[in-house]
Number of protein chains: 2
Amino acid sequence: MNKNGMLVVISGFSGVGKGTAVKKLVEKYDYSLSVSATTRAPRPGEVDGVDYHFKTVEEFEQLIDYNGFIEWAQYVENYYGTPKKFVEDELSKGKNVILEIEVQGAMHIKEQYPDAVLIFITAPDAATLKERLFGRGTEDEKVIAKRLKRAYEETDDMSCYDYLVVNDDLDTCVDDIHSVICAENFKSSRNTDYMKNMKEELATIRSGM
Amino acid sequence: MNKNGMLVVISGFSGVGKGTAVKKLVEKYDYSLSVSATTRAPRPGEVDGVDYHFKTVEEFEQLIDYNGFIEWAQYVENYYGTPKKFVEDELSKGKNVILEIEVQGAMHIKEQYPDAVLIFITAPDAATLKERLFGRGTEDEKVIAKRLKRAYEETDDMSCYDYLVVNDDLDTCVDDIHSVICAENFKSSRNTDYMKNMKEELATIRSGM
């Protein structure tokens, strides 16, 4: 069956726990995780090459010039981008690559990789989503209101994703994402080589009878 | 998330063990199995309502006149059909309905139920498929040659199915089919109500802040 690697793009509402889900998904199953590059300064505890590839502005801009990113964007004063080489190397080895990215970036990736699978992680309902934003305990009401506004806008983007997976229980969420990736591998459209071989093999067997 | 029942159509190569896989799938997971109606005589051990709904020609033709079948066909001198009422009742209850049927019937169903999921059960390769046809020990070479011819023709139909699932190990095959059905339920296109509700709920929460 399908031997090609698959690019899996994961987005989700702010506060929905997508970072934790992606981390666990990659640990539990044999996926390659694409690490983004950025020019922003590392926060305490962040490790270069694990959390981000930390770059200077000059390095980043050179990579842009050399077409080194699948997609990149500038937020506030920092660059963020998805290095192309890692993704393409892993895909060519037949590995499934997980990429956690926000909505805009996901759309750019789908344009370039139409076979990419887009998964949006969501909460069981809006009340739960709001609770989780409050639950962090680190943000004031203004920040939460801003996040709710953003979440409200993101509901329109959900339909651009192929799948919606609810993060109610973390383990279930991780297994559900894995199920989606497995099922995608069974799609007939991803198994044209298998069908072609089956036809040729059957023709050979028949001619030998 | 998606509360609607889904119609799952399962076909596969002759001798690939689809009957056994479907039986196990329905036993292991909570699916409703659609039982076909036929005018052919019951074989020893076959139970009315379990293996088939056995009908007289008159009964069957009346059901055709009353639009009682999703699809029906005549093979040799016997009628075979999928009773509509059971399928629609189960779907409206939110149950997933499994329907084992040959290629032609599957295409008719897809026309009427574009949301139906079509799964084709296949063998790891053509050599294994041939072995299984021989392995039954009940058929002579002529019958096997005829089946191989049919299998060869069916390779062209595979691409009309949404998914190809290999039956190498029976338990894996059954779990893979279940994964496909679960993943289909996560499709954003099957969760438009959920997205609409999420948007409305977020709007309500925001207006209350």
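Which side chains meet in a salt bridge at 2.7 Å, N to O? I looked this up first. The side chains are those of Lys85(B) and Asp89(B).

**Ground rules.** I am working on a predicted model, where local features need pLDDT of at least 70, side-chain atom pairs count only at pLDDT 80 or more, and totals for chains, interfaces and linings use all residues. Residues are numbered from 1 along each chain as its sequence is written, chains are lettered from A and ligands numbered from 1 in the order in which they are written, and side-chain values use heavy atoms, with hydrogens and water left out.

**Entry: the pair in chain B.** I noted the cut-off for a salt bridge: a side-chain nitrogen of Lys or Arg within 4 Å of a carboxyl oxygen of Asp or Glu. Lys85(B) and Asp89(B) both sit in helix 3 (residues 84–92) of chain B. They are four residues apart, about one turn of the helix. For helices I use DSSP runs of H or I with at least four residues, and for strands runs of E with at least two, numbered from the N terminus. Next I checked exposure. Buried means under 20% relative accessible area, exposed over 50%, and partly exposed in between (1.4 Å probe, protein chains only). Lys85(B) is exposed, at 61% relative accessible area. Asp89(B) counts as partly exposed, at 32%.

**Entry: salt bridges in chain A.** Salt bridges that share partners link Glu184(A), Lys187(A) and Arg190(A) into one network. I looked at one pair in that network. Glu184(A) and Arg190(A) meet at 2.8 Å, N to O. Are these two buried or exposed? Both Glu184(A) and Arg190(A) are buried.

I then ran a search over the whole structure, and it gives 28 salt bridges over all chains. One of these I followed up: Lys110(A) with Asp162(A), closest N and O atoms 3.6 Å apart. Lys110(A) lies in helix 4 (residues 103–112) of chain A and Asp162(A) in the loop between helix 6 (141–154) and strand 9 of chain A, so the pair ties together parts that are 52 residues apart in sequence. Lys110(A) is partly exposed, with a relative accessible area of 27%. Asp162(A) is partly exposed too, at 26%.

**Entry: a charged patch.** I searched the surface for like charges. Glu58(A), Glu59(A), Glu61(A) and Asp65(A) gather in a patch of negative charge. Patch members have over 30% relative accessible area and no salt bridge, and like charges are joined within 9 Å. Lys and Arg count as positive, Asp and Glu as negative; His and the chain ends are not counted. The place of a charge is NZ of Lys, CZ of Arg, CG of Asp or CD of Glu. I picked out Glu61(A), which belongs to helix 2 (residues 57–65) of chain A. Glu61(A) is partly exposed, with 34% relative accessible area.

**Entry: the parallel sheet.** In what order do the five strands of the open sheet run? I read 2-7-1-8-9 in chain A, with parallel pairing. Strand 2 (32–33) and strand 9 (163–166) of chain A are the edges, each pairing on one side only. Two strands count as paired if DSSP finds at least two bridges between them. Strand 1 (residues 7–12) and strand 7 (residues 97–100) of chain A pair in parallel over four bridges. There, Ile10(A) stands opposite Glu100(A) of strand 7.

**Entry: antiparallel pairs.** Strand 6 (residues 78–83) of chain A is joined to strand 3 (residues 37–38) of chain A by two bridges, running antiparallel. Thr38(A) faces Tyr80(A) of strand 6. Strand 5 (residues 69–75) of chain A also pairs with strand 6 in the antiparallel sense, over six bridges. Tyr75(A) has Asn78(A) as its bridge partner. The hairpin of strands 5 and 6 of chain A has two residues between the strands, and Val76(A) takes a positive phi near 50° there.

**Entry: positive phi at Asn67.** Most residues other than glycine have a negative phi. Asn67(A) has a positive phi, near 60°. Asn67(A) lies in the loop between helix 2 and strand 5 of chain A. Asn67(B) has a positive phi of about 60°. Asn67(B) lies in the loop between helix 2 (57–65) and strand 5 (69–75) of chain B. Asn67(B) is exposed, at 51% relative accessible area.

**Entry: Asp125(B).** Asp125(B) is in the loop between strand 8 (117–122) and helix 5 (126–135) of chain B. Asp125(B) is partly exposed, at 28%. Asp125(B) and Val166(B) are 9.0 Å apart, C-alpha to C-alpha, and 41 residues apart in sequence.

Methods
Patch = residues over 30% accessible without salt bridge, like charges linked within 9 Å, V, L, I, M, F, W, Y side chains within 5 Å. Areas by Shrake-Rupley, 256 points an atom, 1.4 Å probe, with all protein chains shown as cover.
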